[in-house]
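User: I've just opened this one. Can you walk me through it?

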Amino acid sequence: MKTHLHLVFILLANALLAQTTCPVHVENVLRVYPLDGCTQVYLDSTEALTFEELRQGSFQEKFQALNDSVTSEQTKGAYWLQTQFIASDSLTDWNLLIKNPAYKEQVHRSIYTAGHCFVDGYFVLANGEMLHQRDGLFLPKSERKNYQHPLINALPFSMGKGDTATVFIRIFNPDHDRSMFSLELRPQALGIPLEKTDMSILMGISMGVTGILALLCIFFFFVDKDPANLFFSLLCICLMLHYALLHPELLFVTWFTPEKPWLVDYAWILLTNGGLVAFVLFGRYFVNLREHSILLDRVMLGLAGALGLLLIFLLLNQAFSWKINTFFLSVGLIIGVIIIAIRIGFLKSHLAKIFAFGAIWLLFFNILGLVYNAGYFDLFLPWPVGQMGLMVIYTYGLAYKLQLNERAKSEAQRVLELDAVKSRFFCQYLP
């Protein structure tokens with residue numbers, strides 16, 4: 001009997017606790033209010049469900065409590081979140097923030113930079129009034145009501161004292177798998193903490209180094225007309241803009257495409273694949289490959305052409321949503337580039353060995369980067385080390401090649417001068 005009474009007491013206590021914590025009572029003070037305990041989620045696999053349809057009773061029964069078991073499956077579709085809170089005071093200039101708790105374990109990403117592509121919030125008050133707010137990474141800056149950072153998802157709102165708000169939030173990420181959510185109420189005056197700056201510093205330095213090298217090699221190209229300098233400059237530009245995409249503040253969107261942020265997907269395709277094309281063509285001209293092996297030269301040209309065609313196809317694939325998987329083709333071409341780059345290192349040329357060494361350096365740190373992503377290595381971030389090392393190796397190689405070219409020009413000039421002396425001698429002393 002005592003056991004049954006004890007169980008009844010626990011159930012009643014839990015019921016009373018649920019009543020006191022849900023819905024959340026919000027006071028107009030400088031503090032945050034987590035909403036996860038009062039939030040439910042529903043996955044719309046059709047991606048076509050409207051707000052009016054969702055409010056029907058049949059769909060209300062399909063909502064589940066927000067927890068990792070619901071949202072960690074990374075299932076594609078449109079997610080609907082439902083929560084409720086009461087304004088104990090008049091609330092002016094508050095934000096409902098959508099966070100991504102998965103980023104809590106990442107040292108280079110804040111949970112507040114969820115970066116969901118499309119977010120629609122419907123605030124339904126007890127008197128029937130409804131406020132519709134939109135946000136999301138792919139929404140133009142001019143259409144985002146409280147724009148602070150491209151990756152922050154914030155829905156601004158204000159409420160009168162005593163108002164009850166039932167909020168429905170639709171989150172849609174086309175071709176993306178960000179399906180872990182957390183909701184928070186925060187007054188705008190409190191600000192949003194984005195304290196993780198180590199990645200910002202690293203990406204800023206990387207952008208500065210690659211930008212300076214790009215300008216320097218463009219100058220060298222106009223001086224000596226060596227195509228190797230031009231393609232190395234293009235490679236540096238691709239890397240610099242690539243770092244702007246990786247920067248925690250997504251500087252590429254902030255600087256170049258604030259009104260068309262969806263272009264970020266095209267930029268990623270163009271910079272990653274375009275960088276590979278520039279790398280292959282740089283190696284061909286840097287080594288003067290045709291002078292050493294016509295066969296290898298033709299293979300390098302073929303790889304550059306194949307990578308160029310793949311780049312065009314990937315852009316069309318993105319534009320028309322063909323959803324054709326080219327992963328194995330891309331990996332095959334990259335492996336082909338690595339094999340040829342290492343094979344070039346066996347040629348009897350110091351420049352060929354420098355090119356191969358740079359490729360091996362990059363390969364090693366890229367593999368280490370995969371190990372880092374898998375969680376088996378955490379001493380440092382390998383990707384920038386590999387890329388910056390590549391820049392140093394090839395910058396040294398270009399300086400060495402420039403020295404060789406100048407030495408060859410001096411030698412040719414000395415031969416010409418010697419021939420001129422011989423000609424004057426024979427003209428002077430021979431009849």
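This is a predicted model: local features need pLDDT of at least 70, side-chain atom pairs count only at pLDDT 80 or more; totals for chains, interfaces and linings use all residues.

User: Start with α11. How many residues does it have, and how far does it reach?
Analyst: Helix α11 covers residues 327-344, so to speak 18 residues. From first C-alpha to last it reaches 26 Å, close to the 26 Å expected at 1.5 Å a residue.

User: Which residues of α11 are buried?
Analyst: Ser330, Leu333, Gly336, Val337, Ile340, Ala341 and Ile344. Seen down the axis of α11, the buried residues fall within an arc of 130°, so they line one face of the helix.

User: Why would spaced-out positions point the same way?
Analyst: An α-helix has 3.6 residues a turn, so residues three or four places apart point the same way.

User: And what exposed residues sit on the face turned away from the buried side of α11?
Analyst: Phe327, Phe328 and Ile339 are exposed there.

User: What do the buried residues of α11 pack against?
Analyst: Four helices: α8 (263-287), α9 (289-292), α10 (294-319) and α12 (350-373).

User: What is Phe355 in contact with, leaving aside neighbours within four places in sequence?
Analyst: Its contacts include the phenylalanines Phe279, Phe282 and Phe286. Gly283, Val287 and Met300 are also among them.

User: Switching to strands. Is β11 mostly covered or mostly open?
Analyst: Mostly covered. β11 spans residues 182-187, and six of its six residues are buried.

User: Which residues are on each side of β11?
Analyst: Ser182, Glu184 and Arg186 are on one side. Leu183, Leu185 and Pro187 are on the other. Both faces are covered.

User: How many bridges join β6 to β11?
Analyst: Six, and the two strands run antiparallel. β6 is residues 91-99. Ile98 has Leu183 in β11 as its bridge partner.

User: And how many join β2 to β11?
Analyst: Two, again antiparallel. β2 is residues 33-34. Pro34 stands opposite Glu184 in β11.

Note on methods:
Residues are numbered from 1 along each chain as its sequence is written. Side-chain values use heavy atoms; hydrogens and water are left out. The expected span of a helix is 1.5 Å times one less than its number of residues. Buried means under 20% relative accessible area, exposed over 50%, partly exposed in between (1.4 Å probe, protein chains only). The arc is that of the directions from the helix axis to the C-beta atoms. Contact means heavy atoms within 4.5 Å. Two strands pair if DSSP finds at least two bridges between them.
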